[in-house]
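I opened this model to see how its parts pack together. My notes follow in the order I looked things up.

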Amino acid sequence: MKALLIKDWKLLAGQKQFFGIVSIIALGFLITNYNPAFVISYVTIMFTIFTISTLQYDDYENGMSYLLTLPVDRKEYVIEKYLFGIMSSVIISVIMLAASWAAVQMRGLEADWESMLAAMISAIVIAIGILVFTVPIQLKFGAEKSRIAWMAGIMLAFVIAFVGVRLLKMSGDSLGEIFGKLEELSPGTLIGGALGGVLVLTVVSILISIKILEKKEF
């Protein structure tokens, strides 16, 4: 697994143009924007999307066929992808938190640590959510077909959300009441619940991805 992590880190480090564009955008927001939470979320999610693209690099020109001839089994490959995605999202979110704090200090603004920490944790949760949803689709359908599956998944999410709202209205509960109840919970409870839910989804997603890759022929 160490060799796979090194391979993906080298792929990540080789994308200097991507890093340059994202860094310029982030710097622009840090200089002009009064909400550093947005910058933390934006950069973390952008880097997570790129880490998922390493699956496409591995599959390019029958790369997976070569990788699987090495002393790496399919289960190890899947776990490494999730580990790499989570590690990179956590590392970049911490870096952006430090950069945002430095920018706030340099501009003489009041540092709102609670909002910045909440933004960092939210960005990590969203990033892992993207990872959980995307990796099985990418492994199942490949680079081209996965785009169609992405669109279908987004449409399905909208349908589920619409049906859920309609059911809430029919039951007499409103979204305002639900959010009001959530606001009564402590930040620690909300964060713990979110992280617990993400952990469960991650384990389920890993198991699904392993099954998909074990059945796939290269």
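I began with the crossing of H1 and H6, and I find it right-handed. (Left-handed would mean that the near helix is turned anticlockwise from the far one by less than a right angle; clockwise makes it right-handed.) The helices are DSSP runs of H or I, at least four residues long, and strands are E runs of at least two, numbered from the N terminus. I note that this is a predicted model, in which local features need pLDDT of at least 70 and side-chain atom pairs count only at pLDDT 80 or more, while totals for chains, interfaces and linings use all residues. Residues are numbered from 1 along each chain as its sequence is written, and side-chain values use heavy atoms, with hydrogens and water left out.

**Entry: H1 against H6**

At what angle do H1 and H6 pack? I read about 45°, with the axes 10 Å apart; H1 covers residues 2–13. (Axes are lines fitted to C-alpha atoms, for helices over the stretch in contact, and angles run from 0 to 180 degrees between N-to-C directions.) That angle makes H1 oblique to H6. The classes are roughly parallel under 35 degrees, roughly antiparallel over 145, roughly perpendicular from 65 to 115, and oblique for the rest.

Next I listed who meets whom. From H1 come Leu4, Leu5, Lys7, Asp8, Trp9 and Leu12; on the H6 side I find Glu76, Tyr77, Glu80, Lys81, Leu83, Phe84, Met87, Ser88 and Ile91. Contact here means heavy atoms within 4.5 Å. By class, this contact has nine nonpolar, one polar and five charged residues. (Ala, Val, Leu, Ile, Met, Phe, Trp, Tyr, Cys and Pro count as nonpolar; Asp, Glu, Lys and Arg as charged; the others, Gly among them, as polar.)

**Entry: two residues of H1**

I checked alanine 3, which lies in H1. Is alanine 3 buried or exposed? Its relative accessibility is 59%, so it counts as exposed. (Buried means under 20% relative accessible area, exposed over 50%, partly exposed in between, with a 1.4 Å probe and protein chains only.) From alanine 3 to glutamate 80 I get 9.8 Å, C-alpha to C-alpha, across 77 residues of sequence.

Leucine 12 is also placed in H1. Leucine 12 has 5% relative accessibility and therefore counts as buried. Beyond its neighbours within four places in sequence, leucine 12 contacts Phe19, Phe50, Thr51 and Phe84. Its C-alpha atom is 9.1 Å from that of phenylalanine 47, 35 residues away along the chain.

**Entry: H3 against H6**

I turned to H3 and H6. Their axes come within 9 Å and cross at roughly 155°. H3 and H6 are therefore roughly antiparallel. This crossing, too, is right-handed. Among the H3 residues in the contact are Pro36, Val43, Phe47 and Thr51, and H6 brings residues including Gly85, Ser89, Ile92 and Val104. Which classes make up the contact of H3 with H6? I find ten nonpolar, eight polar and no charged residues.

Serine 41 sits in H3. Setting aside residues up to four places away in sequence, serine 41 touches Ala119 and Ala123.

**Entry: the cores**

I then looked up the largest nonpolar core, which has 18 residues; Val39, Ile40, Val43 and Met96 touch the most other members. (Such a core is a set of buried Ala, Val, Leu, Ile, Met, Phe, Trp, Tyr and Cys residues joined through side-chain atoms within 4.5 Å.) H2 (16–32), H3 (36–52), H6 (74–106) and H7 (113–171) each supply at least two residues of this core. Which helix gives the most? H7 does, with six residues.

I picked out isoleucine 40. Its contacts, not counting residues up to four places away in sequence, include Ser93, Met96, Leu97, Met116 and Met120. A second, separate core has 17 residues, among them Tyr82, Ile206, Ile212 and Leu213.

**Entry: serine 205**

Serine 205 is in H9, residues 187–215. Serine 205 is buried, with a relative accessible area of 4%. Apart from neighbours within four places in sequence, serine 205 contacts Tyr82, Val132 and Pro136.

**Entry: the whole protein**

Last, I took the totals. The protein has nine helices and zero strands. Of its 218 residues, 33% count as buried. Among contacts between residues at least 6 apart in sequence, 79% join residues at least 24 apart.
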